[in-house]
Amino acid sequence: LWRCHKTAMVIGSLGTAGIGAAWYVPPVYGVQFVQKYDDLPANAVSLAEMLGWFIPTALALFVGMLVDRWGASKVHTLALLLGSVLAPMPMFYWWTHTPQSSAIAAVYVGEAILGLLLALTTSVYLWVVELFPVRVRSTGVSIAYNLGIGVFGGLGPVLSDAGNLVISPR
């Protein structure tokens, strides 16, 4: 697989890595980070996270129609650009500089915004499938997806915590 489909493996792993970072760092690590520094109640944070994941579920059909119209690559690229590059830094800045009195509202609004952006990430499934020819598709998708989501997405919160030791979150 690696010998014949190196490009698809690298692109697939990196493309799903960006989605993994978008899935695990801002909506999960981010709100727990704010909870820790602003002493937010756990039930409010859990409900905000649930809101952030409900929105992509509710919008999956409409994102599917968008993928049918624009194509998986364009929607996936938009999802990576918005969810992994443009939105996280302003969101973290907002969350860390919001007064404690309005932190819960900031978390809910932020999770709703992230939910809208994460809805676009449902395009990753068709996008990664289109990278591989039929005869190696299942294996190629399995390896690329799990390397990207599992390794890179899973390390996102760990790297974020390590960054907090070097750079003050406030």
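This is a predicted model: local features need pLDDT of at least 70, side-chain atom pairs count only at pLDDT 80 or more; totals for chains, interfaces and linings use all residues.
The description begins with helix H4, residues 88-97, whose buried residues are Pro88, Met91, Phe92, Trp95 and Thr96. Seen down the axis of H4, these buried residues fall within an arc of 125 degrees, so they line one face of the helix. An α-helix has 3.6 residues a turn, so residues three or four places apart point the same way. On the face of H4 turned away from the buried side lie Met89 and Tyr93, which are exposed. The cover over the buried residues of H4 includes helix H1 (6-38), helix H3 (72-86) and H5.

| Helix pair | Axes come within | Crossing angle, roughly |
|---|---|---|
| H1 and H4 | 10 Å | 15 degrees |
| H2 and H5 | 8 Å | 25 degrees |

The axes of H1 and H4 cross at roughly 15 degrees, which makes H1 roughly parallel to H4. H1 passes H4 in a right-handed crossing, and the contact joins Val25, Pro26, Tyr29, Gly30, Val31, Phe33, Val34 and Asp38 of H1 to Pro88, Phe92, Trp95 and Thr96 of H4. By type, the residues of this contact divide into 9 nonpolar, 2 polar and 1 charged.

For helix H2 (residues 42-70) and helix H5 (residues 103-119), the axes cross at roughly 25 degrees, and the two helices are therefore roughly parallel to each other. H2 passes H5 in a right-handed crossing. Residues of H2 including Leu47, Leu51, Ile55 and Leu59 meet residues of H5 that include Ile104, Tyr108, Ala112 and Leu116, and the residues of the H2 contact with H5 divide into 16 nonpolar, 2 polar and 2 charged.

Note on methods
Residues are numbered from 1 along each chain as its sequence is written. Side-chain values use heavy atoms; hydrogens and water are left out. Axes are lines fitted to C-alpha atoms, for helices over the stretch in contact, and angles run from 0 to 180 degrees between N-to-C directions. Helices (H or I, at least four residues) and strands (E, at least two) are DSSP runs, numbered from the N terminus. Angles under 35 degrees count as roughly parallel, over 145 as roughly antiparallel, 65 to 115 as roughly perpendicular and the rest as oblique. A crossing is left-handed if the near helix is turned anticlockwise from the far one by less than a right angle, and right-handed if clockwise. Contact means heavy atoms within 4.5 Å. Ala, Val, Leu, Ile, Met, Phe, Trp, Tyr, Cys and Pro count as nonpolar, Asp, Glu, Lys and Arg as charged, and the others, Gly among them, as polar. Buried means under 20% relative accessible area, exposed over 50%, partly exposed in between (1.4 Å probe, protein chains only). The arc is that of the directions from the helix axis to the C-beta atoms.
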